[in-house]
Structure formats: C-alpha cells, structure tokens
Amino acid sequence: MPLLFLLLLEVPIAVKTQVNPAICRYPLGMSGGHIPDEDISASSQWSESTAAKYGRLGSEDGDGAWCPEVPVEPDDLKEFLEVDLHELHFITLVGTQGRHAGGHGNEFAPMYKINYSRDGTRWISWQNRHGRQVLEGNTNPYDIVLKDLEPPIIGRFIRFIPVTDHSTNVCLRVELYGCVWLDGLVSYNAPAGQQLVLPDGHVIYLNDSVYDGYSMTEGLGQLTDGVSGLDDFSQSHEYYVWPGYDYVGWSNESTTNGHVEITFEFDRIRNFTTMKVHCNNMFAKGVKIFKEVQCYFRSDANEWEPNTISSLLVLDDVNPSARFVTVPPFPSDG
C-alpha cells in the first residue's frame, strides 16, 4: 500500500529561504533595544515605572520589569506582556527573568504560557510536541531562564502570560530568539494525515500533530517546522513520541482520485522558480515517493490559472533513503 509522505516544502525565490532551527537563534531586540518601546504593550501595569516597555531581559530601567496591576490568580490568565515584531518571525527560543531592581524586588513568574498571532486577530496557544502549554519560568527574580520552543513559533505578535498555582504578584522581563521568516508562507491546507499498520502490527501515526489551524486549514505545522524526517519513518528525532511522528502521510486509498491536494498561501505575490519536497522512500514497508506533481497558481481569491505546471518523476526503487525531491524549474512567468 504505497503512501506519499511530506515533511518540509521549500519554494526558492530570490534567496535560499529554508530555515535551519539550529542556527535561527538570534536575539530579536528586547534586550538590545532593537524592538522600540511602542512595540511592547501589556494588559495592565502596576505603575508607570513598571510599564510594558520595562519588560526587557537584562534591563534594570524603570523599577526593573513589567508588573501587572493586580496579583495573578491561578484560574484567571488575563494578564500578558505583548511584543509586536512587525513581520513574521521563526522563533525558536525565549528567555524570562523576574524583577530584582538591585535587591528591592522579589517578583517573578514561576510558569507562563505563550500565545501568538500572525495577523493580530487570530490568537493561538503554543504547545510543545507533547501537548503541554505551560512552560517552567523563574525561581528567583534575577536569573535568566531560557526555554527552547519545540515546535518553533511562526508569528508576528507574541504574548507572555504569567501562570501561578496561587495568588501572587509577578513581574517579567523577556527576550525572543529566532530569525525573520523569509519564506513568506502564512498557511497551508491539506487533508488529515493517515495511519499505517505495518505487517508486524505496529501502527504508524502520520498526522500533522503540531498544526496550529482548524481541521487542517489556515495554519502551519510539520511541513514548516524545519525538521526533516529520518530514513526510517517509524523512528523520530524526538523522544517519547509515537512512531511516524516526524512525517505527514496519506494512503492511495484515502486520497481523491489518487492525489493529495495541498494549498499554500503566501504573504504576497512571489516569483517561484523550483519546488522541493522532502519525501520518505522506504518502499520495503510500503512507502514510496510520489510519481507526479501538478502545480496550480492564482494571485488572489479568484479562479486558479488554467495553465498548470506538471512533472512526471522517475521513481527510485533502489535507494530507500529519505530525500528532497526537486520539481524541475518553473517557467520564468511561474
């Protein structure tokens, strides 16, 4: 039962845009001042000297941090510190700190959540690859605590939401680490991934487990997380996850007329030159690279352009390694 697997899609434009999470870890400007005060806001503030603009990691300006007006309650997560990055960023790491203020402060957030948005309207609650939303924060007001975001966030607006298990005063300083999201992809729509039962009875789950849209629409997920799957699709880069975690896949029997339709939405009109799709080819376990691809284009919500780009691929039944498949160059007006 052949399956088509996709993990990471790259459409090169003027520059190489495929993101590398291992090196996309640059401070985005809270501590260094590149993010201006007017791009930092909050739900409330205790005083002018603890306003949102003072929520910068490593800074002792004002009274040493952002502090909300009232204590944070365990069941009332309404307080937040928000950063507007003005364009989409790929965020892989965050840092938090409490209020020390030269020994005069002792407020910090022991836990926190992160909400993010790409358009300022639809907010998404970040969760890790195991479904947990709460991150461990600080245990004192002065040490910096760094947390990797797995999966990374692709967003413009980021909110830090303090979490406590009892009513308490909190204060917060933060930094974001990552890089500009040059790909320009804002969402993709696809059919839900399938399950594969191997001859030995093991079940492989090929769903897009980190997708942040609704029912595989208006979101981003494993096709854009920067992680390519292993040669053996039943193995994973992650610990304590189910077999097939790194891949999204579909069976021939589950598709419409034998094909999978995936729609990619970009931030603006772009000139596409080629397309690369990372695929698994472990044919001994019933998995093969797709044999044909057809690309349709449209510039807005109108009908798709009648001319398509079609490519018939030569299947490789010798090399079982996963690899990027490059669709031949698009014409100059693609």
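Guide: Let's start with Cys-24 and Cys-179, which are joined by a disulfide with an S to S distance of 2.0 Å. Bear in mind that this is a predicted model. The torsion about that S-S bond is about -110 degrees, so the link is left-handed. Cys-24 sits in the loop between strand S2 (9-10) and strand S3 (26-27), while Cys-179 belongs to strand S10 (residues 173-180), so the bond ties together parts that are 155 residues apart in sequence. Both Cys-24 and Cys-179 are buried.

Searching the whole structure turns up two disulfides, so on to the partner link, still using the 2.5 Å cut-off between sulfurs. Here Cys-67 is bonded to Cys-171, again with S to S at 2.0 Å. With 110 degrees about the S-S bond, the Cys-67 and Cys-171 link is right-handed. Cys-67 lies in the loop between strand S4 (40-42) and strand S5 (81-97), and Cys-171 in the loop between strand S9 (145-163) and S10, so this pair connects parts 104 residues apart in sequence. Cys-67 and Cys-171 are both buried too. Number the bonded cysteines along the chain and the pairing reads 1-4, 2-3.

Cys-279 is buried, with a relative accessible area of 1%, and Cys-295 counts as buried at 8%.

Definitions and conventions: Residues numbered from 1 in each chain as written. Predicted model: local features only at pLDDT ≥ 70, side-chain atom pairs only at ≥ 80, totals over all residues. Heavy atoms only, no water. Helix = DSSP H or I, 4+ residues; strand = E, 2+ residues; numbered from the N terminus. Buried < 20%, exposed > 50% of the residue type's maximum accessible area, 1.4 Å probe, protein only.
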